[in-house]
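Got a few minutes and a viewer open?

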Amino acid sequence: MSKELLKKYKLLFGEDAPIPPEHIMKTLVEMKEKGTFEKNIKAIEENYEDIKKYSKEKLGRELTLDDPFFDI
């Protein structure tokens, strides 16, 4: 994992923030730097029930933070 990426991530999200897989961390840092993070989080919140339903129907399980889906 890139030390520079981890440093940026901790600066933007806090020292105690959970550490996601590197590709997700990169995307989160890019969204914060571009100023689109809040907009994207709001879109997820507004569609959360649909996302949960889709996950349950398509994957056959509830999504969790350590779900292998996030490794993709």
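The exercises below work through this predicted model one piece at a time.

**Exercise 1.** Work out how helix α1 and helix α2 are oriented: what are the angle and the distance between their axes?

*Solution.* Start with the geometry. Helix α1 covers residues 3–13 and helix α2 covers residues 22–34; they pack at about 55°, with the axes 10 Å apart. Next, classify that angle. Roughly parallel needs under 35 degrees and roughly perpendicular starts at 65, so an angle between those limits counts as oblique. The pair α1 and α2 is therefore oblique. As for handedness, α1 passes α2 in a left-handed crossing.

**Exercise 2.** Find which residues make up the contact of α1 with α2, and sort them by class.

*Solution.* On the α1 side, pick out L5, L6, K8, Y9, L12 and F13. Their partners in α2 are E22, M25, K26, L28, V29, K32 and E33. Sorting this contact by class gives 8 nonpolar and 5 charged residues, with no polar ones. Now zoom in on L5: beyond its neighbours within four places in sequence, L5 touches E22, M25, K26 and V29.

**Exercise 3.** Identify the largest nonpolar core: which residues are in it, and which element gives the largest share?

*Solution.* List the members to begin with: L5, Y9, A17, M25, L28, V29, M31 and F37, 8 residues in all. Then assign them to elements. Two or more residues come from each of α1 and α2, and α2 has the largest share with 4. As background, nonpolar side chains in soluble globular proteins tend to be buried together.

**Exercise 4.** Describe how α2 packs with helix α3, and which residues meet there.

*Solution.* Helix α3 runs over residues 37–46, and packs with α2 at an angle of about 115°, the axes being 7 Å apart. From α2, the residues are L28, M31 and K32; from α3, they are F37, E38 and N40. By class that makes 3 nonpolar, 1 polar and 2 charged.

**Exercise 5.** Decide for F13 and for S55: buried or partly exposed?

*Solution.* Take F13, found in α1. The relative accessible area of F13 is 24%, so this residue is partly exposed, given that buried means under 20%. Setting aside neighbours within four places in sequence, F13 contacts L28, V29, K32 and F37. Now S55, which sits in helix α4 (residues 48–59). With a relative accessible area of 4%, S55 is buried.

Definitions and conventions
Residues numbered from 1 in each chain as written. Predicted model: local features only at pLDDT ≥ 70, side-chain atom pairs only at ≥ 80, totals over all residues. Heavy atoms only, no water. Buried < 20%, exposed > 50% of the residue type's maximum accessible area, 1.4 Å probe, protein only. Axes fitted to C-alpha atoms, helices over the stretch in contact; angles between N-to-C directions. Parallel < 35°, antiparallel > 145°, perpendicular 65-115°, else oblique. Left-handed = near helix turned anticlockwise from the far one by under 90°. Contact = heavy atoms within 4.5 Å. Nonpolar A, V, L, I, M, F, W, Y, C, P; charged D, E, K, R; others polar. Core = buried A, V, L, I, M, F, W, Y, C linked by side-chain atoms within 4.5 Å.
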